[in-house]
Amino acid sequence: MTDAAKRVRRTQEERSAATRAKLLDATIDCLIELGYAGTTTTLIAERAGVSRGAQLHHFPTKAELVAAAVEHLASRLGDDLRQRVAKLPPNGDRVTAAIDLLWSRFSTPLFPAWLELWVAARTDPDLAARLHPIEERLRNAIQRQTDALFAVPAGASERPALAAQLTLYLMQGMMLDRVLGHESARARARREAAAIAAWKRVLAQVLDDRRVDA
């Protein structure tokens, strides 16, 4: 293959990747703004600025497109979380830093979009089949990063691992309340801040007990 042909091929691959990225980003925007029922492949293509034919070429079905979009966003958030975890100081108030970092990742478009999809998947077998493997990968990745945030070693006792798991449950519940609640943004922010502050104190005590018991 000539150098000129390689350059053309690379350009085509780059254009294809750019088209996919536009479609995935547009899908997330639609899910957040319109919900799953209001999201159509035609609207996604329009928002992405690509032709309907190009959208069908990359993602033949709506279920395939929305599942890929959530995994795309989850991958980006996961990469960002791993980079931030690596920068956390090994000493000092790691619990506070870990909770703040984890909560900042939950407060992203991923949770509302994911919630929309799982509600829809309850009555959409095709969507459910595509989401199940993504959910498993996402859950495992979140658990690994949470363990890393709280420095839970492999084979740790049940208590620190449970503390990390409870932190995930707490934040999932808070995000669900944020999506479904109707209070003002100011009141919600005040209540969330109080809950996070209280959980930092509880979790710090749990982890202190772990070190004493070790």
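Q: How much space lies in the largest pocket?
A: The model examined here is predicted. The space that lies in the largest pocket is about 790 Å³.

Q: Which residues that line the largest pocket are the closest to its centre?
A: The lining of this pocket comprises 30 residues. Elements giving two or more residues to the lining are H4, helix H5 (94-106), H6, H7 and helix H8 (158-180). The closest to the centre are Leu110, Glu135, Leu138, Arg139 and Ile142.

Q: Which element gives the most to the lining of the largest pocket?
A: By class, the lining has 16 nonpolar, 7 polar and 7 charged residues. With 9 residues, the element that gives the most is H7.

Q: Which element gives the most to the largest nonpolar core?
A: This core has 32 residues, and Leu23, Tyr36, Leu110, Leu117, Leu127 and Leu131 touch the most other members. At least two residues each come from helix H1 (3-38), helix H2 (41-48), helix H4 (62-87), helix H6 (110-121) and helix H7 (125-149). With 9 residues, the element that gives the most to this core is H4.

Q: With which residues is Leu131 in contact, leaving aside its neighbours within four places in sequence?
A: Leu131 is among the residues that touch the most other members of the largest nonpolar core. Contact requires heavy atoms within 4.5 Å. Beyond those sequence neighbours, the residues in contact with Leu131 are Ala67, Trp114, Leu117, Trp118 and Ala121.

Technical notes
Residues are numbered from 1 along each chain as its sequence is written. This is a predicted model: local features need pLDDT of at least 70, side-chain atom pairs count only at pLDDT 80 or more; totals for chains, interfaces and linings use all residues. Side-chain values use heavy atoms; hydrogens and water are left out. A nonpolar core is a set of buried Ala, Val, Leu, Ile, Met, Phe, Trp, Tyr and Cys residues joined through side-chain atoms within 4.5 Å. Buried means under 20% relative accessible area, exposed over 50%, partly exposed in between (1.4 Å probe, protein chains only). Helices (H or I, at least four residues) and strands (E, at least two) are DSSP runs, numbered from the N terminus. On a 1 Å grid over the protein atoms alone, a cavity is a set of points where a 1.4 Å probe fits but cannot get out, and a pocket is an open set with protein on both sides within 12 Å along at least five of seven lines; lining residues have an atom within 4 Å of a point. Grid points are joined across faces, edges and corners, and a volume is the space filled by probe spheres set on the points. Ala, Val, Leu, Ile, Met, Phe, Trp, Tyr, Cys and Pro count as nonpolar, Asp, Glu, Lys and Arg as charged, and the others, Gly among them, as polar.
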